[in-house]
Amino acid sequence: MPAKTSDKTDISDEEDLEPVADETATSARRVVAAYAVDADECRMLFSMLGIAPDEA
């Protein structure tokens, strides 16, 4: 069954997105790291979720 979408909701509009709290991002990184198959998949998922670690 295809996902339901709304004409009013367009997630590609980055102006509607807000950064998540540090604690939430840290928890999400842990979950992604635990279930990712390898480092490349982990980085890809981080990027997709917008929780990529800051590059120093």
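At roughly what angle do the axes of helix H1 and helix H2 cross, and within what distance do they come? Before the answer, please keep in mind that this is a predicted model. Helix H1 covers residues 22–35 and helix H2 covers residues 39–49. Their axes cross at roughly 145° and come within 9 Å of each other. I give both values because two packed helices are described by the angle between their axes and the distance between the axes. As for the hand of the crossing, H1 passes H2 in a right-handed one.

Which residues make that contact? From H1 they are Arg-29, Val-32, Ala-33 and Tyr-35. H2 brings Glu-41, Cys-42, Leu-45, Phe-46 and Leu-49. Sorted by class, the contact has 7 nonpolar residues and 2 charged ones, with no polar residues.

Now the core. The largest nonpolar core is made of 6 residues, namely Ala-25, Val-32, Ala-36, Cys-42, Phe-46 and Ile-51. H1 and H2 are the elements that each give two or more residues to this core. As background, nonpolar side chains in soluble globular proteins tend to be buried together.

Is Cys-42 buried or exposed? Cys-42 counts as buried because its relative accessibility is 11%, and the cut-off for buried is under 20%. If we leave aside neighbours within four places in sequence, Cys-42 is in contact with Val-32, Ala-33 and Ala-36. Val-32 is 10 residues away from Cys-42 along the chain, and their C-alpha atoms are separated by 6.3 Å.

Leu-49 is also in helix H2, and Leu-49 is one of the residues in the contact with H1. Why does Leu-49 count as exposed? Its relative accessibility is 55%, and exposed means over 50%, so Leu-49 falls in that class.

On to Asp-22, which lies in helix H1. Asp-22 is exposed, because its relative accessible area is 65%. Asp-22 and Ile-51 are 29 residues apart in sequence, and from C-alpha to C-alpha they are 9.4 Å apart in space. Ile-51 is also one of the core residues I listed.

Last item, salt bridges. How many does the structure hold? It holds 1. The side chains of Arg-43 and Asp-40 meet in a salt bridge, at 2.5 Å from N to O. Both residues lie in helix H2, 3 residues apart, which is about one turn of the helix. Arg-43 and Asp-40 are both exposed.

That is what I had to show.

Note on methods:
Residues numbered from 1 in each chain as written. Predicted model: local features only at pLDDT ≥ 70, side-chain atom pairs only at ≥ 80, totals over all residues. Heavy atoms only, no water. Axes fitted to C-alpha atoms, helices over the stretch in contact; angles between N-to-C directions. Helix = DSSP H or I, 4+ residues; strand = E, 2+ residues; numbered from the N terminus. Left-handed = near helix turned anticlockwise from the far one by under 90°. Contact = heavy atoms within 4.5 Å. Nonpolar A, V, L, I, M, F, W, Y, C, P; charged D, E, K, R; others polar. Core = buried A, V, L, I, M, F, W, Y, C linked by side-chain atoms within 4.5 Å. Buried < 20%, exposed > 50% of the residue type's maximum accessible area, 1.4 Å probe, protein only. Salt bridge = Lys/Arg side-chain N within 4 Å of Asp/Glu carboxyl O.
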